[in-house]
Amino acid sequence: MIEIEHVLVVGGILFSIGLYVALSRRNAVGVLMGVELMLNSVNVNLIGFARLAESPTPITGQVFSVFVITVAAAEAAVALALAVSVYRYRQSIDVDKLDLLKW
């Protein structure tokens, strides 16, 4: 039996790795991968807490986790489309060089 502390530690480690990747990468795809890793750590924690819940609807954590996965997939699709569009315009997806929204 896996205790909730172990689940929280794994979720915290995944979130920390995702945060490091998102903040340290200059490539937009790398930043996107870091955000996805952070969202997956949230899913791990949601499922861990759902196992502890004593409610009439114990499946709420899993359903919310599926919702988060759906939102993450939509976010990835939009972000990749933006990255491809920026690459076609600038020939680079380095986030430090992107100044399209600056006046």
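Visitor: Which residues of α1 are exposed on its other side?

Guide: Exposed means over 50% relative accessible area, buried means under 20%, and partly exposed lies in between (1.4 Å probe, protein chains only). In α1, His 6, Val 9, Tyr 20 and Leu 23 are exposed on that side. This is a predicted model, in which local features need pLDDT of at least 70 and side-chain atom pairs count only at pLDDT 80 or more, while totals for chains, interfaces and linings use all residues. Residues are numbered from 1 along each chain as its sequence is written, and side-chain values use heavy atoms, with hydrogens and water left out.

Visitor: Which residues of α1 are buried, and what do they pack against?

Guide: Ile 4, Val 7, Gly 11, Gly 18, Val 21 and Ala 22 are the buried residues of α1. They line one face of the helix, because down its axis they fall within an arc of 125° (the arc of the directions from the helix axis to the C-beta atoms). They pack against α2, where contact means heavy atoms within 4.5 Å.

Visitor: How many helices and strands does the protein have?

Guide: Helices (H or I, at least four residues) and strands (E, at least two) are DSSP runs, numbered from the N terminus. The protein has three helices and zero strands, in the order α-α-α from the N terminus.

Visitor: Which residues of α3 are buried, and what covers them?

Guide: Gly 61, Ser 65, Val 68, Ala 72, Ala 76, Ala 83 and Val 86 are buried in α3. Their cover includes α2 (28-52). Just after α3, Gln 91 takes a positive phi of about 65°.

Visitor: Where is confidence lowest and where is it highest?

Guide: pLDDT is the predictor's confidence in each residue, from 0 to 100. The protein averages 87, with 99% of its residues at 70 or more. Confidence is lowest in α3 (residues 60-90), at a mean of 88, and highest in α1 (residues 4-24), at 94.

Visitor: What is the radius of gyration of the protein?

Guide: The radius is taken over C-alpha atoms, and the globule rule is 2.2 Å times the number of residues to the power 0.38. A compact globule of 103 residues would have a value near 13 Å, but the protein has 17 Å. Its C-alpha atoms fill a box of roughly 55 × 25 × 25 Å along the principal axes. Buried residues make up 24% of the 103.
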